[in-house]
Amino acid sequence: MLLNLELRREPSRSMLYLTPVIAVLLTMIVGAIVFTLIGYDGPGAVREIFLTPVLDTNYWQDLGVKAAPLILIAIGLSVGFRANVWNIGAEGQYIFGALAGTGVALATWGMEGWWILPLMCLAGVIGGMVYAAIPAFLRTRLRVNEILTSLMMTYVAIQLLNYLMRGPWKDPEGFNFPQSRLFTESQTLPYFGDTIVHLGVPLAFLLAIVAWFVMAKSVFGFQIRVVGAAPHAARYGGFNANTTVWMSLLIGGGFAGLAGIFETAGPYGQMVPQFPTGYGFTAIIVAFLGRLQPLGIILAGIILAISYVGGEIAQTTIGLPNAATGIFQAMMLFFLLATDILVRYRLRIVTPAKLERAS
Amino acid sequence: MNETIFISILMTVVGASTPILLAALGELVVEKSGVLNLGVEGMMLIGAVTGFAVTSVSGSPLLGVLAAMIAGTLAAMIFGYLTLSLTANQVATGLALTIFGIGLSSLVGEGYVGKTVDIFDSIFPAALAEHSFLRVLFGYSPVVYFSIFMTVAVAWFLKSTRPGLILRAVGESDSSAHSIGYSVIGVRYAAVAFGGAMAGIAGCYYSLVLTPMWAEQLTAGRGWIALALVVFAAWRPGRLLLGAYLFGAVMTFELHAKAAGFSLVAPEFLAAMPYLATILVLALISLRKSSGSQAPASLAKPFKPST
């Protein structure tokens, strides 16, 4: 018996949506086996990481809070990935956007008013866009590959954050700890009741739905889809390649910057050097697992949030190291990329009898 | 400046350059075959932790380096299988490999944080290796000499051997190479494996020679700088050597500036310098007159032979 791959006439739509599910299931199965082999409680790890956060309603708040930044960043990245613009520096844009918003917060410290919070968010978006504009400029003007520049900028952003926390933006009343002032009430996102859910969470989901509407129904969404599916056709249609690069990076940076300021003005309530936690990189997995489509990204964002929350649970309940979360997340992307072949190819089982008939 | 300090500086530059030279040499061969593996950082981390763990258990740094090579190769084979056999997107797969490498290395390395290991003995007699001037030639870890040997070997392989010619043909035009009868996928697998082995050695150079210890994300983005170095060198091994030492000088600037009590700019700015310098260098080389792309023509394009 042989397995044969046969090219499909057109990509399979059902496989396009089925393979992310297969990838998550394979991650759970293979993850359980691998972690058992290296001496951990494998099935327990999968149960705690993937099931406990879903079955125990106490964790749902955490899921929303963790999913929000992932969804926001992934929505922005998906536009570029569709058009083959590889912005992998979302982490840097997330940090820089948060810093821009923090700057507004520190400048308005002691003031009150409804306008402060929107201004901080605006600064976050613009900050992310400005930071993403650097790779965009280098790519369109000097043909420098955006993959390397956007990533290098992330390392620079981390150093900038450290500098500001240690020096100019250090809390003057903070006992010399390297962190900013605590934001005041006018500078923090409101919470729902006594939950940990801040206003940024529903806004992230809402923006994802708006993005779905724009991508599915508007001329702009159509153009982006054409650029991704048929770059040559798009060029003949008057959609300039440089415009695509600029749009992709600015949208990606803007969303990442907004996610950044939502985190600072939400869960953190101030700026700290520990702010970068790799959401910008995990969002790349979210974008792919969500098939670069806003509604898929909402689901994928929740799945990755489950793995984060579950990873923390597994750490306390069964002593699984924190690093296991990253391994599970990378496995999801590996399996998704591996099963991608089923979208373009049909798996045929060739029996000896059929082979004989064919020859 | 007195000569002893100058020699010390020179030696730290060579030390800092060696791992990016090794990783970039591997990636250069991979890219010459038409494959873009962005997982260098992940493979380096896997090599770094494996080399450290094996040396720590066995007491032999040589075994550690060999284990790091094997671990790097195995990691590269995940990438190879996905991109070459299953035609997955190379950019996304490379990123996945890096994320995987970060997670795997910190999981494996958990028990080794803060431990020390035996380090390489010098291959030259102490009279040479510790001589006040001659140590600039003889005072390095064997891995440094290996990296220079490999630069010459890779240059010779690509330029003057038949397999090297086939590898370049596969990278320039996969379909023509296939129609002449060369195994495009086979050649690319071999190149990707070589890249993994080199990244593995590069990684364990950090944990066994440069620091020598294990810490999470020990390589701190140097794998990405190695990728930039390949572009900087325009896919030529000789320029790679030059570029690696240039980058090494920038990377060690922070160290020397601190040692000299240089405090005009913030230490964070010095720490950001290697990354800023990389961006600047990438921008500058794109201004070159011969701005025609020197990248292998089939770079990052998946190949699926119609059977």
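Predicted model: local features only at pLDDT ≥ 70, side-chain atom pairs only at ≥ 80, totals over all residues.

Modeller: Residues are numbered from 1 along each chain as its sequence is written, and side-chain values use heavy atoms, with hydrogens and water left out.

Colleague: What is the handedness of the crossing of helix 3 and helix 4 of chain B?

Modeller: The crossing is right-handed; that word applies if the near helix is turned clockwise from the far one by less than a right angle.

Colleague: Which residues of helix 3 of chain B meet helix 4 of chain B?

Modeller: Ala75(B), Ile78(B), Phe79(B), Leu82(B) and Thr83(B) do, against Gln90(B), Thr93(B), Gly94(B), Leu97(B) and Phe100(B) in helix 4 (contact means heavy atoms within 4.5 Å). By class, the contact has six nonpolar, four polar and no charged residues, with Gly counted as polar.

Colleague: Why are these helices called roughly antiparallel?

Modeller: Their axes come within 10 Å and cross at roughly 155°. Angles over 145 degrees count as roughly antiparallel, so helix 3 of chain B is roughly antiparallel to helix 4 of chain B.

Colleague: What area is buried between chain A and chain B?

Modeller: About 3,500 Å² (accessible area, 1.4 Å probe, lost on being put together, summed over both), of which carbon and sulfur atoms give 82%.

Colleague: What makes the pair Glu268(B) and Arg166(A) a salt bridge?

Modeller: Their side chains meet at 2.6 Å, N to O. The definition asks for a side-chain nitrogen of Lys or Arg within 4 Å of a carboxyl oxygen of Asp or Glu, so the pair qualifies.

Definitions and conventions
Chains lettered and ligands numbered in written order. Axes fitted to C-alpha atoms, helices over the stretch in contact; angles between N-to-C directions. Helix = DSSP H or I, 4+ residues; strand = E, 2+ residues; numbered from the N terminus. Parallel < 35°, antiparallel > 145°, perpendicular 65-115°, else oblique. Buried area = accessible area lost by both parts, 1.4 Å probe.
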